[in-house]
Amino acid sequence: MNPTHQRYVLVEDVQMSFDTRQGKFVALKDINLNIRRGEFITLIGHSGCGKSTLLNLIAGLLMPTSGVLICAEREIAGPGPDRGVVFQNHSLLPWLTCFENVHLAVERVFGATESKAQLAQRTSEALVLVHLSHAEHKYPHEISGGMKQRVGIARALSMQPKVLLMDEPFGALDALTRAHLQDELMKIVAATQSTVVMVTHDVDEAVLLSDRIVMMTNGPAATIGEILEVDLGKPRNRLALANDAHYHGLRGAVLEFLYQKQANGHDK
Amino acid sequence: MEYKKHFYETLLPPLLGIALFILVWALIADTRDTIPGPIKTWHSATALFSDPFYIKGPNDQGIGWNIWSSLKRVGTGFGLAAVIGIPLGFMIGRFRFLDQMTSPIISMLRPVSPLAWLPIGLLVFKAANPAAIWVIFISSIWPMIINTAMGVRQLPQDYLNVARVLNLSEWKVFTKILFPATLPYMLTGIRLSIGTAWLVIVAAEMLTGGVGIGFWVWDEWNNLNVEHIIIAIFVVGIVGLLLEQMLVMLAKKFSY
C-alpha cells in the first residue's frame, strides 16, 4: 500500500487547552493517532473526555494548543471541504429544502468547475445514496429526525471529502432508527470507500462499525487509553454478530475499559 | 353542535366584552352631559364617513385624507428608519467593536420621548411636515437596530459551524445563513417600531398641525366636537390594530 495511505490522517503530540475563568483547562494531552485511508475509526469515552474536541481538531474547527494534525500530507489549518462533517443535531438550515441544503455544499466545492446541471446531478446523487430522493423538496421541519440526519450525511458526502467526520450522528435518534441508519452507513462507506472518524458513546455501535476503536481516558487532560482492533469480517450483519463469541469478546473489552478502568468518570 | 361550540368559545367572549364596554360608556355619558354616548357618536360617525374625501381648504378636509396623511408620514419616517436601522443593526450584531462603540449612545437615547426631538427637527428642517417625519424616524429606529442586532448575535453556533465547514464565502454566509436567520428578529423590530410610530404620530401632529389624524383631534377639541374626538380614538386604535396584524401575518410566513 502507498505510504500516504498508511498515514492518511496523522495526529501528533496534540495538546488542547482552553482559557476559562478558572484559568487554563487542559482538555486533551499527548494525543497520537494514525488513521489509514479507508479506515473506520470510532472515538469512545465518557462524556467530557474530549472526544468531540478531538473530532473538531481534525475538522479544523479548533486549533491545537500544541502538536500537529495532518490530513493527506497537508497540515490542517482550518475547516475545509476535504473533511466533511456530520453534526450531532444535523445542523440543516431550516429555510432551505433538503435539496438546497445539500446543493449549498456541492456548489461550494464544484461550483467553479462544473455546470449547473452537473451540480444538480451531484446533489440528487447524494440524496439517492441516503434514499431520500422522495423528500428532496421538503423542508427540514417536515421530515423525521432520522431523515434529517441522512440529509446531513448526504451533505457531507456530496463534497466527496477525503475524510468523513461524524459527531455522535445517531445519538439523538431512537434505537430502531439508529440501527437502520447504522446499516445504511455501513453500505455507504463500503460503496464509497470513505475514511471515517466517528464519535460515539454507544459500545454496540462502535464494535459494529469500526475497524479500530479509540478508547479515551477521562478528562481533564484526557488522552488515548487503549486502541482496540476490531478484526471482524465485512460486510457485518448485526443479527449474525448477536451470536458471535468474538463480537461479544470485543464488546466486553470496550465495556471493561469504560466501566472498570475509567469507571469514576461516569459519575462526573 | 360544532357551530354552537365555536360560537361559545371564540365569538361570545369578545362580543360580550364589547357590549359591556359600550354599556359602561353609555352609563358614564348618561351622568355627564359633556361626554356623548355611543348612539350619538355612531350617528356622528356615519355622517363623517359618508364623505371621507372632501377638501374645503387646507384645515378642513375629510377624515380619509387625515388618516392618509398620517399614514404617509409614518410610512416615510418608518421607511427611512428601516433603510438606516436594519443595516446598522446587522453591523452592530456582527462586529463587537461597533456594538461596544454604539451601545452607550443607543442606551441613552432610546428612553427619550420621541417628541423631545421635535424642536430639533423644526430647527433643522424649518417646516412642520419633515419635522413630524423626523420624530417618527427617531421613534422607529431604535427597535429596528436593537432587534436586528440581537438576531445576528443569537445566530446559533451550529449554523456558523456549517458555514465554516462548508467554507462558504462571506456573501453566501449573509444570504443563506445570516439574513434568513435574522429575519424573524428583524420583523419583530419592525412590528414594535410601527406600533411606536403610530402612537407618536398623533402627538406629533397635534404639535405641528396641518392635515393628519393628530391635528384633526386637536382641531375638533378647539371646536368642542367631542363625538369626533371619540371617533378619532377608535380610528387610531383600529388602524394601529390593522398595521400590527399585517406584520404579524408577515412574520408568520417567515417563522421556521
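This is a predicted model: local features need pLDDT of at least 70, side-chain atom pairs count only at pLDDT 80 or more; totals for chains, interfaces and linings use all residues.
View 1. Residues are numbered from 1 along each chain as its sequence is written, and chains are lettered from A, with ligands numbered from 1, in the order in which they are written.

**View 2. Where chain B meets chain A.** Here 13 residues of chain B are in contact with 16 residues of chain A, contact being C-beta atoms, placed from the backbone, that lie within 7 Å. On the chain B side, the elements giving two or more residues are α7 (157-166) and α8 (170-208). The biggest share comes from α7(B), with seven residues. Helices (H or I, at least four residues) and strands (E, at least two) are DSSP runs numbered from the N terminus. Sorted by class, this side of chain B holds eight nonpolar, two polar and three charged residues. Ala, Val, Leu, Ile, Met, Phe, Trp, Tyr, Cys and Pro count as nonpolar, Asp, Glu, Lys and Arg as charged, and the others, Gly among them, as polar.

**View 3. A cis peptide bond in chain A.** Look for the bond from Lys234(A) to Pro235(A), which is cis, with omega near -5°. Pro235(A) belongs to the loop that runs between β10 (224-229) and α8 (238-241) of chain A.

**View 4. Positive phi at Asp30(A).** Asp30(A) has phi near 50°, a positive value in a residue other than glycine. Its place is in strand β2 (residues 23-35) of chain A. Asp30(A) is exposed, because 12 other C-beta atoms lie within 10 Å; the cut-offs are 20 or more for buried, 12 or fewer for exposed, and partly exposed in between, with C-beta atoms placed from the backbone.

**View 5. Positive phi at Leu224(B).** Phi of Leu224(B) is near 55°, again positive in a residue other than glycine. You will find Leu224(B) in the loop between α9 (213-222) and α10 (226-253) of chain B. Leu224(B) counts as exposed because it has 9 C-beta neighbours inside 10 Å.

**View 6. Leu27(B) and Phe137(B).** Leu27(B) sits in helix α1 (residues 2-31) of chain B. With 10 C-beta neighbours inside 10 Å, Leu27(B) is exposed. From C-alpha to C-alpha, Leu27(B) and Phe137(B) are 41 Å apart in space, and they are 110 residues apart in sequence.

Methods. Two residues are in contact if their C-beta atoms, placed from the backbone, lie within 7 Å.
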